[in-house]
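Work through the exercises below with the sequence and the model at hand. Each task is followed by a solution in steps.

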Amino acid sequence: MSKELILSIESSCDDSSIAITDINTLELVYHKKISQELQHSMYGGVVPELAARLHVEALPKILEECKEFFPLLKAIAVTNAPGLSVTLMEGVTMAKALSISLNLPLIAVNHLKGHIYSLFIEKQEVLPMTILLVSGGHTQIIEAKSLNDMNIIASTMDDSFGESFDKVAKMMGLGYPGGPVVQEYGLKGDENRFDFPVPLRQSPLIQFSYSGLKNAVRMQIEKLENQEGGITNQDKYDVCASFQKTAVSHIMQKLKKQFKKVVPENFAIVGGASANIHLRTQIEELCNKYKTNLHLSELKYCSDNAAMIGRVAVEQYKQNDFVNVNEIDVQTRLK
Ligand code: KG4
Ligand code: ZN
């Protein structure tokens with residue numbers, strides 16, 4: 001039997017990516033991603049208009065490379081929510097054009113489900129599972145019973161975990177994305193030098209907030225900049241280490257509360273910021289303590305990519321979950 005394939009497109013933020021997944025074997029036949037991190041770095045964050053323009057350049061280039069698979073395609077899938085509307089639109093427009101010209105059904109994929117299914121690339125799914133999703137746009141605890149039965153049980157009231165790293169990096173001129181550089185600077189710093197307040201420490205609620213911590217860090221940086229000689233490299237290392245310790249403590253305090261309520265049999269961390277080593281180590285300890293199975297997606301699939309979108313699309317294809325080309329819409333936020 002010849003292969004039956006799905007082509008998937010991801011453009012919800014600053015990564016242009018296309019994947020081709022085998023519906024029957026889950027094999028990732030093709031996968032490419034062009035990241036725009038460098039182009040956004042000088043602005044200290046993603047500039048939506050620039051991101052959209054770069055997708056217009058990158059997506060057709062990638063598509064050229066997978067033309068040989070077109071005869072075997074059974075469907076076209078695309079991320080349509082949540083994300084930046086102008087960048088989502090680029091992927092959706094390409095997907096619509098392919099769907100019409102190749103006469104193939106169209107599948108609209110939720111980006112957050114994609115992050116969850118990054119755990120199951122080339123593998124069968126393991127559900128139910130409790131998931132911590134930490135990325136540039138999201139900080140959520142999700143209860144996933146099945147692809148169609150997922151509940152967000154905690155989310156952030158303001159900034160996300162990854163975003164707070166991006167903003168702290170921006171304050172010190174360390175470029176974008178902030179996560180990797182703050183983690184690296186933190187290695188050389190003293191995490192006990194600055195005593196930043198752990199957000200919502202007294203609150204019994206399981207929810208997240210990063211704007212207060214961000215402001216506390218901003219005030220500390222301003223103080224250091226105003227000292228004689230200005231802010232030193234060692235100051236920056238110490239700010240990064242102390243900030244990271246607090247940012248991770250906040251997540252851990254809330255997760256411990258959640259585990260006290262219900263001990264999950266399966267737990268996972270997904271999203272670009274799940275690459276954070278401190279977070280990973282402390283979650284490993286928590287899961288060991290409660291004898292919970294911990295699932296981690298491979299580092300290469302933690303950040304945005306089309307392989308995870310294709311993996312969700314395989315399930316939607318099997319459920320005949322298609323969308324009309326005239327009805328697919330982009331959504332910046334989920335209801
Ligand atoms: O999932 P992702 O690639 O894009 C979104 O959907 O947002 O996540 C990117 C985010 C950025 O905010 C980046 O700073 C953060 O993940 N990140 C990290 C680390 N590596 C990436 N945050 C903390 N520690 C890291 N090691
Ligand atoms: Zn993402």
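**Exercise 1. Which residues are in contact with Ala77, leaving aside its neighbours within four places in sequence?**

Step 1. Two residues are in contact if their C-beta atoms, placed from the backbone, lie within 7 Å. By this test Ala77 is in contact with Ile6, Ser8, Ile107, Val109, Ile309, Gly310 and Ala313.

Step 2. The model is predicted: local features need pLDDT of at least 70, side-chain atom pairs count only at pLDDT 80 or more, and totals for chains, interfaces and linings use all residues. Residues are numbered from 1 along each chain as its sequence is written, while chains are lettered from A and ligands numbered from 1 in the order in which they are written.

Step 3. Ala77 is among the residues with the most contacts inside the largest nonpolar core, together with Ile107, Ile131 and Ala313. A nonpolar core is a set of buried Ala, Val, Leu, Ile, Met, Phe, Trp, Tyr and Cys residues joined through C-beta atoms within 7 Å; buried means that 20 or more other C-beta atoms, placed from the backbone, lie within 10 Å of the residue's own, against 12 or fewer for exposed and values in between for partly exposed. The core has 88 residues, and at least three come from each of domain 1 (5-121 + 301-318) and domain 2 (129-296).

**Exercise 2. Describe the contact between domain 1 and domain 2.**

Step 1. The domain bounds come from an automatic or database domain assignment. The centres of the two domains, taken over C-alpha atoms, are 27 Å apart.

Step 2. Domain 1 gives 16 residues to the contact and domain 2 gives 20.

Step 3. On the domain 1 side, helix 1 (37-41) and helix 4 (111-117) each supply at least two residues. Helices (H or I, at least four residues) and strands (E, at least two) are DSSP runs numbered from the N terminus. Helix 4 has the largest share of this side, four residues.

**Exercise 3. Where are His111 and Asp304 found, and are they buried or exposed?**

Step 1. An unreviewed UniProt entry places a "binding site" feature at His111, His115 and Asp304. UniProt positions are given in the numbering used here, with shortened feature names, and annotations may be inferred rather than shown by experiment.

Step 2. These three positions span 194 residues in sequence, yet no two of their C-alpha atoms are more than 8.7 Å apart, so they gather at one spot.

Step 3. His111 belongs to helix 4 and counts as buried because it has 24 C-beta neighbours inside 10 Å. Asp304 sits in the loop between strand 10 (293-296) and helix 10 (306-318); with 28 such neighbours inside 10 Å, Asp304 is buried too.

Step 4. Beyond four places in sequence, His111 touches Ser12, Thr79, Ala81, Pro82 and Gly83. Asp304 has contacts that include Glu10, Ser12 and Gly272.

**Exercise 4. How many residues surround ligand 1, and which are the closest?**

Step 1. A residue is near a molecule if its C-beta atom, placed from the backbone, lies within 6 Å of it. The shell has 20 residues, and Gly136, Gly162, Gly179, Gly272 and Ser303 are the closest.

Step 2. Domain 1 and domain 2 each contribute at least three residues to the shell. Helix 5 (161-171) and helix 6 (178-187) each supply at least two.

Step 3. Gly136 lies in the loop between strand 6 and strand 7. Gly136 is buried, with 26 other C-beta atoms within 10 Å.
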